[in-house]
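Hello,

Here is the structure I said I would pass on. My notes on it follow below the entry.

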Amino acid sequence: MQKKRWLISLSLITTLIVSLLISPVEILASQRADQSDHWTQIKKRGTLLIGVDDSFVPMDFRQKDGTLVGYDVDLSRAVCKVLGLKPEFQSIDWAMKETELKNGTIDVIWNGYTATPARAKQQAFSRVYERSGQSLVVRKDAGINSFADMKGKVVGLQQGSTAYTDFYKYPAKLKRYVKGRIIYQDNNSAFLDLKAGRIDGVLTGTVYGGYYAKHLAGSNDYKLIGSDVFPQDEVAVGIRKKDRTLVKKINYALKVLQKDGTLRQINKKWLGIDTDYLGPVDQFK
């Protein structure tokens with residue numbers, strides 16, 4: 001009986017030692033999940049996991065029946081078709097987008113995502129395919145005709161957006177005038193508050209703000225101010241740094257879509273502009 005107990009104890013000790021030895025390795029492997037080239041894995045799976053904010057008009061948003069539509073929906077589908085993949089869209093908390101990418105929950109951030117030198121330190125980018133600045137959307141009857149007219153008023157910002165970053169990065173442009181700001185999880189909520197009079201303006205991307213103001217009920221009640229006050233956004237696909245093959249594949253597909261006219265058609269359809277612009281390869285390398 002004592003020998004049996006001794007064997008059981010030895011077995012438990014051995015199991016504990018093995019688990020202690022293996023666990024750090026497993027944890028380390030998990031931490032390094034974002035440091036591998038996943039193209040073979042993605043190709044075998046046959047799908048590209050695309051992280052989106054599904055309220056970001058006109059890039060990715062839901063119709064009344066729940067169907068996801070938009071500029072980036074059309075573009076990513078066209079790119080996936082060229083690459084022989086199926087797009088799988090995943091709605092994410094936009095403030096957590098980089099974490100979702102790093103953890104492997106998604107393969108790409110593809111949602112009017114601004115490529116910046118700061119972000120390029122943490123991830124890779126495709127070629128820039130759309131450029132836009134920041135604008136202030138206000139009600140026409142508010143008597144606001146410039147950023148200075150926001151003195152003593154309240155502005156709405158989406159958390160994690162370029163507008164949010166620029167608001168604090170360039171305080172002399174707008175921040176110095178306002179008496180307060182309200183942070184929202186999505187731009188749609190900010191526009192609802194603007195419509196209800198709870199805030200006086202929404203700082204957002206010019207493309208988004210222009211599209212929303214034109215398609216909102218009572219669209220003639222709104223206007224855009226200061227599209228050239230902040231630096232231009234350069235929109236690209238956010239990709240993990242080690243996914244070099246995926247970067248090359250997406251860039252190849254974008255070039256194909258530029259040549260066959262698809263990129264120009266998407267720009268006309270969603271943004272009303274006649275362009276097939278693509279930025280330089282490795283612009284943010």
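**The largest pocket**

The volume of the largest pocket is about 370 Å³. Please bear in mind that the model is predicted. Two elements each give two or more residues to the lining of this pocket: strand 7 (124-125) and helix 9 (244-259). Helix 9 contributes the most, with 4 residues. In total, 17 residues line the pocket, and those nearest its centre are Ala124, Phe125, Val247, Asp282 and Lys285. Sorted by class, the lining holds 7 nonpolar, 6 charged and 4 polar residues.

**Arg240**

Arg240 sits in the loop that runs between strand 15 (238-239) and helix 9. Its relative accessible area is 4%, so Arg240 counts as buried, the cut-off being under 20%. The side chain of Arg240 also makes a polar contact with the side chain of Asp107, at 3.5 Å.

**The protein as a whole**

The protein has 285 residues, of which 46% are buried. Its secondary structure consists of 10 helices and 15 strands. Among contacts with a separation of 6 or more, 74% are between residues 24 or more positions apart. The accessible surface comes to about 15000 Å², and carbon and sulfur atoms account for 52% of that area.

For use alongside the sequence, residue numbers start from 1 along each chain.

Regards

Methods
Predicted model: local features only at pLDDT ≥ 70, side-chain atom pairs only at ≥ 80, totals over all residues. Heavy atoms only, no water. Buried < 20%, exposed > 50% of the residue type's maximum accessible area, 1.4 Å probe, protein only. Contact = heavy atoms within 4.5 Å. Areas by Shrake-Rupley, 256 points an atom, 1.4 Å probe, with all protein chains shown as cover. 1 Å grid on protein atoms, 1.4 Å probe; cavity = no way out; pocket = protein on both sides within 12 Å on 5 of 7 lines; lining within 4 Å. Points joined across faces, edges and corners; volume = space filled by probe spheres on them. Nonpolar A, V, L, I, M, F, W, Y, C, P; charged D, E, K, R; others polar. Polar contact = N/O pair within 3.5 Å; in protein donor to acceptor, adjacent residues only side chain to side chain.
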